[in-house]
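Reader: I would like to go through this model with you, one feature at a time. Could you take my questions in order, with the cut-offs behind each term?

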Amino acid sequence: MNHPENSSEYAGLQVNSGVEQPSVINPYLQRNRYRRRELSAGEMVEGILKGDVTVLSQAVTLIESVNPSHQQKAQEVIARCLPYSGKSVRVGISGVPGAGKSTSIDEFGIHLLREKGGRLAVLAIDPSSERTKGSILGDKTRMEKLAVHPDSFIRPSPSAGSLGGVARKTRETIILCEAAGFDKVFVETVGVGQSETACHSMVDFFLLIQVAGTGDELQGIKRGIMEISDGIVINKCDGDNVDRCQMAATNFRNALHFFPMPESGWIPKVLCYSGFYGLGIKEVWDMIYQYFDFVKANGYFDYRRQEQAKYWMYESINEHLKNNFYNNAAVEQQLRQAERDVLQGRKTSFVAAQDLLDMYYKSI
């Protein structure tokens, strides 16, 4: 390149053209050199049974995939891991947003690993945005102690707008975690909607976390969530909030007297604790293990596991029928027309639905 500085009028000044810039891509680096090799179903099962959390994470990702080929492979892995599952303690943890579920799980888990040993898996369901369909998946950041513990495995999963599908995938993930040697499993719900009922159908003990001092205490006394809870704990019982927590606990205990006796025969207890300061954690776990001793002695523990297996059989049938309906070619062709008929008032919602179902029955 000719530079004006090299002209004769600028004697004594010369600008060199410089050296050619090298490529930013290493010519010795093979593009596919570091691509992760896809494991077969047999290799995944072998890695899971060895307790390899990397392979376990890949298998869980496979379960969460909506790719039909991935689903087929995931079901093969689950079927081969099923004989090695069922030997863990499953605890479901729920509560309103802001009740301190993630912080409490961090303290609960560390206490459990320190006192009982073993390995702990935490499965957290994170709500997805209805607009962007994305999830933050940030529960792990609030579990600072468990996140660095060598015997813990934390897996957040997006709800992706499908509660039933996520619940089924969470139950399948429990099977893989148990096969990998995790003898304690926590399932944290999103804290809203019917996710608590789905969580209750896959755990042995359902713990409800409440807070006090947020207004009318009667707002927390709801039949649906209270009736399926095996234990109720009032969080943030520290500082100036102790008296309010004790009052809230009294209100909950009084409310429980109006509910029918649970099928297990166990009367839920109400305790206070502080997840942030780690106060009262031991008492909470003493209550949980007292429950396990109680239900194992009267046979309800095994009965509940059997009822859950039956429940998920019917849930799987419902989900399969739903997917088969929407993936039917005849239904796909007429679904948009049915929507237009409903929106323009030519058909009611019920008539349009019945017409689609009739078409589906004829096509199968």
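Reader: What is the volume of the second largest pocket?

Author: This is a predicted model, in which local features need pLDDT of at least 70 and side-chain atom pairs count only at pLDDT 80 or more, while totals for chains, interfaces and linings use all residues. Residues are numbered from 1 along each chain as its sequence is written, and side-chain values use heavy atoms, with hydrogens and water left out. A pocket is an open set of points on a 1 Å grid over the protein atoms alone where a 1.4 Å probe fits, with protein on both sides within 12 Å along at least five of seven lines, and its lining residues have an atom within 4 Å of a point; the volume is the space filled by probe spheres set on the points, which are joined across faces, edges and corners. For the second largest pocket, that volume is about 630 Å³.

Reader: Which residues that line the second largest pocket are the closest to its centre, and which helix gives the most to the lining?

Author: The second largest pocket is lined by 28 residues, of which Glu 227, Ile 228, Asp 230, Pro 262 and Glu 263 are the closest to its centre. At least two lining residues each come from helix H7 (195-200), helix H8 (223-227), helix H9 (242-256), strand S7 (269-272) and helix H11 (300-326), where helices (H or I, at least four residues) and strands (E, at least two) are DSSP runs numbered from the N terminus. The element that gives the most, with six residues, is H11.

Reader: Which strands pair with S5 in the parallel sense?

Author: Seven of the seven residues of S5 (residues 205-211) are buried, with Phe 205, Leu 207, Ile 209 and Val 211 on one side and Phe 206, Leu 208 and Gln 210 on the other. Two strands pair if DSSP finds at least two bridges between them. Phe 205 is the bridge partner of Val 91, and Val 233 in S6 is that of Ile 209. Over five bridges in each case, the parallel partners are S1 (residues 89-95) and S6 (residues 231-235).

Reader: Why do the buried residues of H1 line one face of the helix?

Author: In helix H1 (residues 41-49), the buried residues are Ala 41, Met 44, Val 45, Gly 47 and Ile 48. The arc used here is that of the directions from the helix axis to the C-beta atoms. The buried residues of H1 line one face because, seen down its axis, they fall within an arc of 165°.

Reader: Which exposed residues does H10 carry on the face turned away from its buried side?

Author: Helix H10 (residues 281-297) reaches 25 Å from its first C-alpha to its last, close to the 24 Å expected at 1.5 Å a residue, a span taken as 1.5 Å times one less than the number of residues. Its buried residues are Ile 281, Val 284, Trp 285, Met 287, Ile 288, Tyr 291, Phe 292 and Val 295, and they cover an arc of only 150°, which puts them on the same side of H10. The face turned away from that side carries the exposed residues Asp 293 and Ala 297.

Key
Buried means under 20% relative accessible area, exposed over 50%, partly exposed in between (1.4 Å probe, protein chains only).
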